[in-house]
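Student: I am new to this structure. Please take one part and walk me through it closely, then show me what else ties the chain together.

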Amino acid sequence: MTSSTRIARVAALIVAVAPLTACMPAYGRYNPKVTVEIRNAPRLGFLVEEVVFAPPDLSLASGTGDRVGTAVLAGLLGQDATVLDVVACRAELVPALTRGLLESGIRVATYGSHDGADAMIEINVTNCTIRRDLTSETREIVEQAGENTRRREVTEYRAESRLDFRAAYRIIDLSNNSEATSGDLNSEPWAVESSLEGFPDYPSDQILLGQAHSAAVQRIAPLFLETVEERSLVFFDEDKCGMKVAHGAVAAGDYERALDLSLANAEYCRIDPEAKVESKDVAAANYNVGILYRIMGDFESAAEHLAWAGEIDPENGVIAAAIREVRSAAEADEELRRVEQEAMDRAEELREEAAERAESTLTNDDIVEMFEEELSDEIIIQLIETSEVDFDVSRAAVIELNRQGLSSAVITAMIAAAGER
């Protein structure tokens, strides 16, 4: 994971002056709002740039385990039910999820060549049953022929299909092989066809499966992504204390100048009965400073000035709401920074581990360990060919390597490297 890639996926803070004004009875007559965007860390709690799907549970394909056979289940449900094979349903679901993740900017690796993946997704489909129903209804219609109208009864025939889709997912954090989250992907999409000339064909099964797959994508994809939410904040633009001039800079998008003006306004704005400057004016001037610091991402300074404004005008609901918003935004920003830092630290650890592994003398145990860590054969063979080795390639050792699941390509590379040394 490179910092440039990571930064490219992070949405920039956008601030815009809202085109409309909102009535704010707490102070003044009409005060414009500014819209800010707050970034939230992925709900998984860590950054994900690449995922891999775990292979399917092949026991389902062989009919073993607790799964009831499709023929038996169809008999239990009745003739108006079609039980689709759950393995086939999963096989169609994974490509749909893959497309959804790719569209969201998440890479999807092939299992067996996924040593760079951040997370693994396990999908288990337990039910994929379509129930069908034929109904008819007599209703009255009105027909117009020139100036004449007539009413007549017609029979509308309907063919309805409803999919009972039951599936669960589990996401594994591959940095520590622990479960990050899990949940269900259950849905019940339905479709209906109608006709006035007898019963129509049932809706396509693929339409229902497509709806179920779409619902699954909408459930899983957001888990890996930063979310952005918009929030609106008031910026006071009263004539007093120079606030209108500062607002002009905000409207022009010059936030640094607006901050300089607002800081000067807050410093020189004093309660003056003769000038009709009240405490609420002083509070508003300091509030504007806090909002500009909030816009520029300095949450600590924003909280300081907003707290001061709140002390001056404790009954002002606008100020109180801004204080809560800044606290929330600061917490979200801190969490996002933590997640990004952990991602960079993990990437550095992987680079160091790879460097140490390349520099050390490889033994049979090292190869088995890399295999158990699910490094691809291509990477293991490359390390064998570029490292010092001390392999035991005796007949018994080779049989043991094969028993532990190492591929013939890796074992052959080990034998070749041992012979060269």
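Tutor: Start with a term: contact means heavy atoms within 4.5 Å. Keep in mind that this is a predicted model.

Now take helix α5. It runs over residues 205-220, which makes 16 residues. At 1.5 Å a residue, the helix should span 22 Å. Its end C-alpha atoms are 23 Å apart, which agrees.

Look next at the N-terminal end of α5. Ser204 caps it. A side-chain oxygen of Ser204 lies 3.1 Å from the backbone nitrogen of Gln206.

Then ask which residues of α5 are buried. They are Leu208, Leu209, Ala212, His213, Ala216, Val217 and Ile220. Buried here means under 20% relative accessible area. The spacing has a background rule: an α-helix has 3.6 residues a turn, so residues three or four places apart point the same way. What covers the buried residues of α5 includes one helix, α4 (86-103). The cover also includes the strands β6 (119-145), β7 (148-173) and β9 (190-195).

Arg158 and Glu137 meet through their side chains, at 2.8 Å from N to O. Arg158 sits in strand β7 and Glu137 in strand β6, so to speak distant parts of the chain, 21 residues apart. Arg158 is partly exposed, with a relative accessible area of 24%. Glu137 is partly exposed too, at 37%.

Another salt bridge joins Arg162 and Glu160. Their closest N and O atoms are 3.1 Å apart. Arg162 counts as partly exposed because its relative accessibility is 32%. Glu160, at 26%, also counts as partly exposed.

Now move to a pair in two other helices. Arg294 forms a salt bridge with Glu325, with the closest N and O atoms 2.9 Å apart. Arg294 lies in helix α8 (residues 279-295) and Glu325 in helix α10 (residues 317-359), so the pair ties together parts that are 31 residues apart in sequence. Is this pair buried or exposed? Arg294 counts as buried, at 1% relative accessibility. Glu325 counts as buried as well, at 8%.

Salt bridges can also share partners. In this way Glu137, Arg139, Glu156 and Arg158 join into one network. The count of salt bridges comes to 22.

Methods:
Residues numbered from 1 in each chain as written. Predicted model: local features only at pLDDT ≥ 70, side-chain atom pairs only at ≥ 80, totals over all residues. Heavy atoms only, no water. Helix = DSSP H or I, 4+ residues; strand = E, 2+ residues; numbered from the N terminus. Expected span 1.5 Å × (residues − 1). Buried < 20%, exposed > 50% of the residue type's maximum accessible area, 1.4 Å probe, protein only. Polar contact = N/O pair within 3.5 Å; in protein donor to acceptor, adjacent residues only side chain to side chain. Salt bridge = Lys/Arg side-chain N within 4 Å of Asp/Glu carboxyl O.
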